[in-house]
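Work through these exercises with the structure open beside you. Try each task before you read its solution.

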Amino acid sequence: MFPKRELEESITFCKKENIKQIIIDMNELDIPGFSMNPKNRCYICKYHLFTKIIDIVQKNGINEVVEGSNMDDLGDYRPGLQAIRELGVKSPLRESKLYKQEIRDLSKKYNLLTWDKPSFACLASRFVYDETISIEKLEMVEKAEQFLLDMGFKQLRVRIHDKMARIEVEPDEIIKIIENKDIIDQQLKLYGFSYVAVDLHGYTMGSMNREIL
């Protein structure tokens, strides 16, 4: 569910900060019910993932498990937070009442390289609910987003609706999409998309939840 660049960034960060890192080898598509992409998909995944993490940390003599949701996440549909509560996972950023911008400001103050890193959510969040999640479509999304990142776009999403790509970028960058529409259209079709569109509303966190909220 995560692009290779995210894994590579985490490895680099942990080595630089001398942090012990344990990488869990798991395939979310093997989790019963996950690939069908129901509205509680995030709950199904988070419960399975954190159960595994809790088992690992207990074997390593660690007392607590923490995760990184913040106060902004409370304003969106987040069924995964229920799994976090049920399993007793701590959420220090929410417990400290910190919002995303405050976290960025503090990160910049303490010279963390990730202070201006674009927001990111797992690739499954690019799928319309009830549309089957497959390896092939995940690769289409990852390749399309990486292509746009390489073009210089920062905050973006490529939402997938069957074989249609719906591109979300910051409103002031929509014109850049239009100016480069031919090369973007051509490249994304090489990845397997039949249609390529741009969302005129621009990037919105959790836009697939509009019909739920």
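Start with a term: a polar contact is a pair of N or O atoms within 3.5 Å; within protein, one must be able to donate a hydrogen and the other to accept it, and residues adjacent in sequence count only if both atoms are side-chain atoms. This is a predicted model, where local features need pLDDT of at least 70, side-chain atom pairs count only at pLDDT 80 or more, and totals for chains, interfaces and linings use all residues. Residues are numbered from 1 along each chain as its sequence is written, and side-chain values use heavy atoms, with hydrogens and water left out.

**Exercise 1. Describe the surroundings of Arg94.**

Step 1. Find the polar partner. The side chain of Arg94 makes a polar contact with the side chain of Ser91, at 2.8 Å.

Step 2. Arg94 sits in helix α4, residues 92-95. Helices (H or I, at least four residues) and strands (E, at least two) are DSSP runs, numbered from the N terminus.

Step 3. Decide: buried or exposed? Buried means under 20% relative accessible area, exposed over 50%, partly exposed in between (1.4 Å probe, protein chains only). Arg94 has 16% relative accessibility, so it counts as buried.

Step 4. List the contacts (heavy atoms within 4.5 Å). Leaving aside neighbours within four places in sequence, Arg94 touches Glu67, Ser69, Asn70, Met71, Leu74, Leu81 and Ile84.

**Exercise 2. Follow helix α6.**

Step 1. Compare its span with the expected one (1.5 Å times one less than the number of residues). α6 has 16 residues and reaches 22 Å from first C-alpha to last, close to the 22 Å expected.

Step 2. Find its buried residues. Among them are Leu138, Val141, Ala144, Phe147 and Leu148.

Step 3. Find what they meet. The buried residues of α6 pack against α1 (4-16), β1, β2, α7 and α8.

Step 4. Look just past the end. Gly152 follows α6 and has a positive phi, near 110°.

**Exercise 3. Trace the nonpolar core.**

Step 1. Define it. A nonpolar core is a set of buried Ala, Val, Leu, Ile, Met, Phe, Trp, Tyr and Cys residues joined through side-chain atoms within 4.5 Å.

Step 2. The largest core has 29 residues; Phe34, Leu148, Leu188 and Phe193 touch the most other members.

Step 3. Which helix gives the most to this core? It is α6, with six residues.

Step 4. Zoom in on Leu188. Beyond neighbours within four places in sequence, Leu188 contacts Ala144, Phe147, Ala165, Ile167, Phe193 and Val196.

Step 5. Look elsewhere. A second, separate core of seven residues includes Phe50, Val57, Leu81 and Ile84.
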